[in-house]
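Dear colleague,

Please find below the structure that I am handing over to you. My findings follow it.

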Amino acid sequence: LTVIIVLVVALVELGVAGIMGMWDISFNAVSVVNMVSATGIAVEFCVHLCHSFAAHGGTRDERVEYALTHIGSAVFSGITITKFCGVSVLAFARSEIFVVYYFRMYLGIVVLGATHGLILLPVVLSLFGP
C-alpha cells in the first residue's frame, strides 16, 4: 500500500513539473517550495482513501467502492473544493508572482492531486491493492 501511495505522489510531482514547463514557470526557490507543498497535498489526497481501503474488509473492488463512497466525497469537498476556492482568489492578484507561482502552480497541484487521488488511485488499488 505504501508503494502505491509513493508512486501516485511521484506521478503528481511529475505532473507539476510538466505544468511548470508548459506554463514557462522557472525552477527557483518559490517553485521548489511549491513542489514540496505539492508532496504534502498529494499525500493528503491519497492517505484518507488508502486508510479507508485498508480498514475495510472484502474484495479489493468492494473496499475501493467503500472507500470512495465513505471518504471520497469528504476528500472532494473538504480538500479539493476548499483549496480551489482559496486558490481562485489569487487569479485576480495584481502581483505576477502570486498569479504565476501561487495561482497557476497551486491550481495545477489541486487538479493533479484530485485526479490522481480520486481517479487513478482507486483504479490502481482495485487492480494491485493488497
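A disulfide is taken here as a pair of cysteine sulfur atoms within 2.5 Å. By this rule the structure, which is a predicted model, has 0 disulfides. C46 is in no disulfide, since the nearest cysteine sulfur, that of C50, is 6.1 Å away and the cut-off is 2.5 Å. C50 is likewise in no disulfide, its nearest cysteine sulfur being that of C46, 6.1 Å away. Both cysteines lie under the 20% limit for burial: C46 is buried, with a relative accessible area of 1%, and C50 is buried, with a relative accessible area of 2%.

Helix α1 spans residues 2–22 and helix α4 spans residues 96–128. The two pack at an angle of about 145 degrees, and their axes are 9 Å apart. The crossing of α1 past α4 is right-handed. On the α1 side, the contact is made by I4, V8, L11, V12, G15, V16, I19 and M20. On the α4 side, the residues are M105, G108, I109, L112, G113, H116, L120, L121, V124, L125 and F128. By class, this contact of α1 with α4 comprises 15 nonpolar and 4 polar residues, with no charged ones.

Helix α4 also packs with helix α3.

Helix α3, residues 60–88, meets α4 at an angle of about 180 degrees, with the axes 10 Å apart. Because angles over 145 degrees count as roughly antiparallel, α3 is roughly antiparallel to α4. The residues of α3 in this contact are R60, D61, V64, L68, G72, V75, F76, T80, K83, F84, V87 and S88. Their counterparts in α4 are Y102, F103, Y106, L107, V110, A114, L118, P122, L125, S126, L127 and F128. The contact of α3 with α4 divides into 17 nonpolar, 4 polar and 3 charged residues.

T80 lies in helix α3 and counts as buried, at 9% relative accessibility. Leaving aside residues up to four places away in sequence, T80 touches F45, V75, V110, A114 and L118. Of these, V110, A114 and L118 are among the α4 residues in the contact with α3. T80 and G113 are 33 residues apart in sequence, and their C-alpha atoms are 8.4 Å apart in space. G113 is one of the α4 residues in the contact with α1.

With kind regards

How values were computed:
Residues numbered from 1 in each chain as written. Predicted model: local features only at pLDDT ≥ 70, side-chain atom pairs only at ≥ 80, totals over all residues. Heavy atoms only, no water. Buried < 20%, exposed > 50% of the residue type's maximum accessible area, 1.4 Å probe, protein only. Axes fitted to C-alpha atoms, helices over the stretch in contact; angles between N-to-C directions. Helix = DSSP H or I, 4+ residues; strand = E, 2+ residues; numbered from the N terminus. Left-handed = near helix turned anticlockwise from the far one by under 90°. Contact = heavy atoms within 4.5 Å. Nonpolar A, V, L, I, M, F, W, Y, C, P; charged D, E, K, R; others polar. Parallel < 35°, antiparallel > 145°, perpendicular 65-115°, else oblique.
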